[in-house]
Amino acid sequence: MGQPEQHAEGAGPFTTRLTWHRAEGETVVWESRLARRRGVLSVRGPGDAAGRPSTAGPRALRRLRRLNAIASGAFVTGGALFAAGAAISQFGSGDPLLSASVYFAGGLFFNTGGYVSLLQVLNAPRHAPGGGALVTAGWRWWGYEPMRLDWLSTFVLFVGTLVFGVNLLDSFLRGLSIQQVNRLVWTPDMIGCVLFLVSGHLAFAEICHRSLPCLRSRSLGWWVVAVNQLGSLLFMVSALAAFTRPSTGSLLNTGIANWGTLTGAVCFSVGGVLQLFERP
């Protein structure tokens, strides 16, 4: 028997979908997000109208469910705490230390969610050569795979959560000049927002198999990515409004800064809830 014919799709140099056409008439399809989130391949026999799922082994599926639950819970909790911090700033006593403490606690959960998302990529089942069954390797706490789009997206997300951590730590500092506030607090906030947006764009490229975003309203994974990207956009709006004017020492727009953070955080909580169902 000859080797199966292989067709690759993706964005730029990244492969996000592989299709194998076997000599015996079967068609096997591997999609990056479906394999790492649900642990499945699609197999369509000769004459079949639709493919049937071929799942990874029980150990791999348990691993995927566990990692997904941790990541989902972290983003739900982190988003809720960020929303609470913004609500305290907008409607509460106005105590900056209290809101900073709530934001910092939420940031720790975002750190956790970002790192566990990276672990999901590193420890997901991989396709075997020629379209064979999914194979699960040993556990890894770290790996460097920049030519995998899913790794790159989650790595950028994780780095973004760490940069936000710098912003949140610096927000506890008191007695800063306006220039120091913009450099130590506002600048890391902006960088973190940019990284979140880049991560979301890469996630769209993974699920759409092309560089431009697409509409896939029947795909739960698409909705997870879309809701999180909306949250990232709202975070960016909030960060822009939180710039401190050197001439007056006040924010460009305090209300927009607080509401942008609150609504963006709610989006990440909703995305976390949706992600809970994107599992094997």
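Which residue forms a salt bridge with E206? I looked this up before anything else. The partner is R36, and the closest N and O atoms of the two are 2.8 Å apart. I then checked where the two residues sit: E206 belongs to helix 5 (residues 178-208) and R36 to helix 1 (residues 32-38). The pair links distant parts of the chain, 170 residues apart. Searching the whole structure, I found ten salt bridges.

**Entry: confidence**

A reminder to myself: this is a predicted model. I looked up the mean pLDDT of the protein and got 89, with 94% of the residues at 70 or more. Going element by element, I found the lowest mean pLDDT, 77, in strand 5 (residues 52-55). The highest, 96, belongs to helix 6 (residues 220-241).

**Entry: helix 6 and helix 7**

Next I followed helix 6 to its partner, helix 7 (residues 254-276). Their axes are 7 Å apart, and the packing angle is about 165 degrees. Angles over 145 degrees count as roughly antiparallel, so helix 6 and helix 7 are roughly antiparallel to each other. I noted the crossing of these two helices as left-handed. Sorting the residues of their contact by class, I got 16 nonpolar, ten polar and no charged.

**Entry: helix 3 and helix 4**

I turned to helix 3 (residues 96-122) and helix 4 (residues 149-170), whose axes come within 9 Å. At what angle do the axes of helix 3 and helix 4 cross? I read roughly 165 degrees, which means helix 3 runs roughly antiparallel to helix 4. Helix 3 passes helix 4 in a left-handed crossing. On the helix 3 side, I listed contact residues including Y103, F104, G107, F110 and N111. On the helix 4 side, W151, F155, F158 and L162 are among them. By class, this contact has 14 nonpolar, six polar and one charged residues.

**Entry: Q6**

Last, I picked a residue in a strand: Q6, in strand 1 (residues 5-11). Which residues does Q6 touch, not counting those up to four places away in sequence? I found L18, T19 and W20. For L18, I also looked up the C-alpha separation from Q6: 6.9 Å, with the two residues twelve apart along the chain.

Note on methods
Residues numbered from 1 in each chain as written. Predicted model: local features only at pLDDT ≥ 70, side-chain atom pairs only at ≥ 80, totals over all residues. Heavy atoms only, no water. Axes fitted to C-alpha atoms, helices over the stretch in contact; angles between N-to-C directions. Helix = DSSP H or I, 4+ residues; strand = E, 2+ residues; numbered from the N terminus. Parallel < 35°, antiparallel > 145°, perpendicular 65-115°, else oblique. Left-handed = near helix turned anticlockwise from the far one by under 90°. Contact = heavy atoms within 4.5 Å. Nonpolar A, V, L, I, M, F, W, Y, C, P; charged D, E, K, R; others polar. pLDDT = per-residue confidence, 0-100. Salt bridge = Lys/Arg side-chain N within 4 Å of Asp/Glu carboxyl O.
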